[in-house]
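Here are my notes from going through the model, point by point. Have the structure open while you read.

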Amino acid sequence: MRADVAVIGGGPAGLAAAVAAKRAGAERVVVIERDVRLGGILPQCIHTGFGLKWFGEELTGPEYAARFVDEAASAGVEFMLETMVLEVTQDRRVAAVSPHHGFVVLQCGAIILAMGCRERPRGALVLPGTRPVGIFTAGTAQRLVNIEGVLPGRQAVILGSGDVGLIMARRLTLEGVKVQAVVEIMTYPGGLARNIQQCLRDFDIPLYLGHTISRIHGRDRLEGVSVAPVDDAKVPIASAEWFIPCDTLLLSVGLIPENELSAACGIELDPATGGPVVTDEMETSVPGIFACGNVVHVHDLVDHVTEDGMVAGAAAAARARVAARTPVLGEAGKDAGLESLQAIRTTGEIRPGRNVRYVVPQRFVRHGDAVPAAAAAAARTLTISLRPSEPAENVVLEVSIAGRVLRRQRKQKVRPGEMMQVNVDRLAIPSEKGDALTVSIVER
């Protein structure tokens, strides 16, 4: 089988990428999704707050997903549901298996990785105590309540203040569950400020910052947890712990980009994000393979995920056209056409500076490169996403190169839980190779 563009993952990033690839002229676009339905996690997110940036209106998760599913279907995008991708190769082949199609191999002009992210489970944490029933990740509990119609328990404690956990604190409260507390080991919340207000403060749910769960109690069913403040080394202070009775513990302690396929393909990963290193066209270190959405880095808003997908889809369609014109395979199965094209493109690096944990993209195509794919992302503005390392107030977000400041933005507050974006005028970036753009958060 052949496809101009294959998209792995039918969540918001993958659907947006498929729509954009079609808009950009790709003839055969195939979305491969392992679930029985499209939309990723959106179908279980029945709260509002989606689409304010992209559509200019407030939608639920299912409503947001439905708009892209409908547009993709209308555009002629093909869907392969209940299909598990087994392998992605550097010569742009996708091997997959499903009960409907059996074992299939797609030879693609371009591939877009949009596998999303997964929750960090209990096994990735150090939680002393027993292993009773009643401990869930926040996303699993959300699916139980919103899709299956089942309450996980009657009294809940939530470990971690990520956005899914905060939203579930409100959701469980509205369903009559007593949410005893949200416990966060850091000294600042992990979720958006609006969710702290709307999901906790508005419902008088206590948030304990600088605390953690020091012990799980219960043999068959969870009976309660011990909570303790932590010292500077994040070690629980045993003398100050107290007991909270509960039959349910939700874990909202971070998300991990799904990059097993990326790593197996030899794609360069950024240890700070856990996702592929990408250019501003969302192309990875392997020519013709793109990535977008939460597989690159964990986003706060689905609208930003959609933006990533749109960029990746348009650029992948342009790459597929190049591949169609130069279908010559070189040694080791690599595409000689794309390899030579990659060689003549010039990219610059973008690096995190002071009080910046990571930046995305990590590379950018330099202005003036007259190559087909560059035309797909010909916008004059270079948008950089980032997260602060530490909270700070009255600071300046600064983008510089070789000691020359290109952009400054004053910020009253910055927090690691809130992704930031800064735009840079490409024409202001010097054409000389070698120097990297540096993004820093500095004092005023």
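1. Let's start with H47, which sits in the loop between β2 (29-32) and β3 (48-50). Keep in mind that this is a predicted model. H47 has a relative accessible area of 17%, and because the cut-off for buried is under 20%, H47 counts as buried. Leaving out residues up to four places away in sequence, H47 touches L59, T60, G61, Q142, I167 and R170.

2. Two of those neighbours, Q142 and I167, bring us to a helix pair: Q142 belongs to α3 and I167 to α4, and both take part in the contact between these helices. Packed helices in general are described by an angle and a distance between their axes. Here, α3 (residues 138-148) and α4 (residues 163-174) pack at about 35°, and their axes are 9 Å apart. The crossing is left-handed. On the α3 side the contact is made by A138, G139, A141, Q142, V145 and N146, while α4 brings V164, G165, I167, M168, R171 and L172.

3. Next, the surface. M84, L86, V97, F103 and V105 make a nonpolar patch of about 450 Å². Which elements give two or more residues to this patch? They are β6 (84-88) and β8 (102-113). V97 comes from strand β7 (residues 93-98) and, with 34% relative accessibility, is partly exposed.

4. On to charges. Side chains of opposite charge can pair when their charged atoms come close, and the structure holds 18 salt bridges. One of them joins the side chains of R363 and E268, at 3.0 Å from N to O. R363 is in strand β22 (residues 363-365) and E268 is in the loop between α6 (260-264) and β19 (289-291), so this pair ties together parts that are 95 residues apart in sequence. Both ends are partly exposed: R363 has a relative accessibility of 24%, and E268 has 33%.

5. Have a look at R426 and D280 too, where the closest N and O atoms of the salt bridge are 2.4 Å apart. R426 lies in the loop between β26 (420-425) and β27 (437-443), and D280 in the loop between α6 and β19, so the parts tied together here are 146 residues apart in sequence. Are these two residues buried or exposed? Both R426 and D280 are buried.

6. R415 forms a salt bridge with E418, with 3.0 Å between the closest N and O atoms; R415 is buried at 16% relative accessibility, whereas E418 is partly exposed at 27%. Separately, R34, R118, E258 and E260 are linked in a network of salt bridges.

7. Last, the backbone. Most peptide bonds are trans, and most residues other than glycine have a negative phi. The bond joining V360 and P361 is cis, with omega at about 5°; P361 is in the loop between β21 (356-360) and β22. D204 has a positive phi, near 55°, in the loop between α5 (193-200) and β13 (207-209). A402 also has a positive phi, near 50°, and is found in the loop between β24 (392-401) and β25 (404-414). D204 is exposed, with a relative accessible area of 71%, and A402 is exposed at 62%.

How values were computed. Residues are numbered from 1 along each chain as its sequence is written. This is a predicted model: local features need pLDDT of at least 70, side-chain atom pairs count only at pLDDT 80 or more; totals for chains, interfaces and linings use all residues. Side-chain values use heavy atoms; hydrogens and water are left out. Patches are made of residues with over 30% relative accessible area and no salt bridge: like charges are joined within 9 Å, nonpolar side chains (Val, Leu, Ile, Met, Phe, Trp, Tyr) within 5 Å. Accessible areas come from the Shrake-Rupley method with a 1.4 Å probe; for residues, only the protein chains shown count as cover. A salt bridge is a side-chain nitrogen of Lys or Arg within 4 Å of a carboxyl oxygen of Asp or Glu. Helices (H or I, at least four residues) and strands (E, at least two) are DSSP runs, numbered from the N terminus. Buried means under 20% relative accessible area, exposed over 50%, partly exposed in between (1.4 Å probe, protein chains only). Axes are lines fitted to C-alpha atoms, for helices over the stretch in contact, and angles run from 0 to 180 degrees between N-to-C directions. A crossing is left-handed if the near helix is turned anticlockwise from the far one by less than a right angle, and right-handed if clockwise. Contact means heavy atoms within 4.5 Å.
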